Amino acid sequence: MKAARWHAAKDIRVEEIDEPQVTPGNIKIKVAWTGICGSDLHEYLAGPIFVPVGENHPLSHDKAPITMGHEYAGEITELGEGVEGFEIGDRVAVEPILNCGECDACVEGKYNLCKDLGFVGLSGGAGGFAAYSVVPAHMAHKMPEGLSIEQGALVEPAAVALHAVRVSKIKAGDTAAVFGAGPIGLLVVEALRAAGAAQVYVVEPSEERRAKAMELGATRAMDPTDTDVVAEIRKATGSGVHVAFEVTGVPQVLAQTIDCTRHEGQALVVSIWESEAAFQPNTVVLSERTIKGTIGYRNVYPAVMELMTRGYFQAENLVTKRIEIDDIVAEGFEALTTEKSQVKILVKAPA
């Protein structure tokens, strides 16, 4: 079967590989659609970050080259021995987290904080940029009848956004800022709306993405290249927002994210970083602010799909291009690098 495989930074190849085989406890999925994630783009431009190179990942037991793709959905075609609760033909969204189940975080139910955390399609395994994927049955979530299979490919990034809002200090009626209106940033805007945020200020240099943020419920969208966004946010809110979300991975943005919050405000870091970032600690100390990180999601897929049935996180609002797997580099990764008007690009699975 065809699959898009990561060999090195700037080296993703569409190759013929063997179909993955079902083993006990696993299910085989005919992939329908897979989204290109910001994490995939980081691996393409500056990896390896999550991709294991040289040594096998402790949970996937794979190393590069690996089949990419972790935002995907499809239809079950085969059930491994011992699998219960699923039938052939079920449409499922895949929660691609690899966790050990034994470390302190896993025992506490916080499996996204596993000491050996990995992701199918980033850390090995049978990723979604392929015709078929095989994953443990617990990674699959049945999709409600009302959702399209294309919508299923957005469950994973929407889960990132909803988890970030859930673990933040935001409360109904609070104010928020979102730095970065890429796919996750836009989904955070929607998640904040679902959580009852009264005002949401978005900071984004792309005119098209600022317009999209406004369509999705932002109070105001600002261009950081021609506006002192921290001053504008503080002016609009009186003393700053309650919570600011950093969703860019750009080093200089971290300080802005912190500085735009009020006293006892919170800066929530959602991005995966390619480099270090600096800030003045006194901006945290003297206002008793907090900085919190978030990774992935946990126990949130059902809630995401329920919100989707209510009109949130809709594909028609976020998907800007649909491509074939043979075009994944030129029309996918390169397009996301050079065309800031792109938001979410979906890859159709090969036949």
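In the predicted model, Arg-322 is partly exposed, with a relative accessible area of 42%. The side chain of Arg-322 forms a salt bridge with that of Glu-150, at an N to O distance of 2.7 Å. Because Arg-322 belongs to strand E17 (residues 319–324) and Glu-150 to helix H3 (residues 149–152), this pair ties together parts that are 172 residues apart in sequence. Glu-150 has a relative accessibility of 16% and therefore counts as buried, the limit being under 20%. In general, side chains of opposite charge can pair when their charged atoms come close.

The structure holds 16 salt bridges. Among them is the contact between the side chains of Glu-71 and Lys-344, with an N to O distance of 2.8 Å.

Lys-142 is partly exposed, with a relative accessible area of 45%. Asp-90, at 17% relative accessibility, falls under the 20% limit and so counts as buried.

The largest pocket has a volume of about 1,200 Å³. Its lining comprises 49 residues, of which Gly-38, His-42, Val-247, Thr-248 and Gly-249 lie nearest the centre of the pocket. Two or more lining residues are given by each of helix H1 (38–46), helix H4 (155–167), helix H5 (183–195), helix H8 (251–259), helix H12 (328–338) and strand E18 (344–348). Helix H1 gives the most to this lining, with five residues. By class, the lining of the largest pocket divides into 26 nonpolar, 16 polar and seven charged residues.

The second largest pocket has a volume of about 180 Å³. It is lined by 13 residues, and those nearest its centre are Leu-98, Val-120, Gly-125, Val-134 and Pro-136. Strand E9 (residues 132–136) supplies the largest share of this lining, namely three residues. The lining of the second largest pocket has eight nonpolar, four polar and one charged residues.

Conventions:
Residues are numbered from 1 along each chain as its sequence is written. This is a predicted model: local features need pLDDT of at least 70, side-chain atom pairs count only at pLDDT 80 or more; totals for chains, interfaces and linings use all residues. Side-chain values use heavy atoms; hydrogens and water are left out. On a 1 Å grid over the protein atoms alone, a cavity is a set of points where a 1.4 Å probe fits but cannot get out, and a pocket is an open set with protein on both sides within 12 Å along at least five of seven lines; lining residues have an atom within 4 Å of a point. Grid points are joined across faces, edges and corners, and a volume is the space filled by probe spheres set on the points. Helices (H or I, at least four residues) and strands (E, at least two) are DSSP runs, numbered from the N terminus. Ala, Val, Leu, Ile, Met, Phe, Trp, Tyr, Cys and Pro count as nonpolar, Asp, Glu, Lys and Arg as charged, and the others, Gly among them, as polar. A salt bridge is a side-chain nitrogen of Lys or Arg within 4 Å of a carboxyl oxygen of Asp or Glu. Buried means under 20% relative accessible area, exposed over 50%, partly exposed in between (1.4 Å probe, protein chains only).
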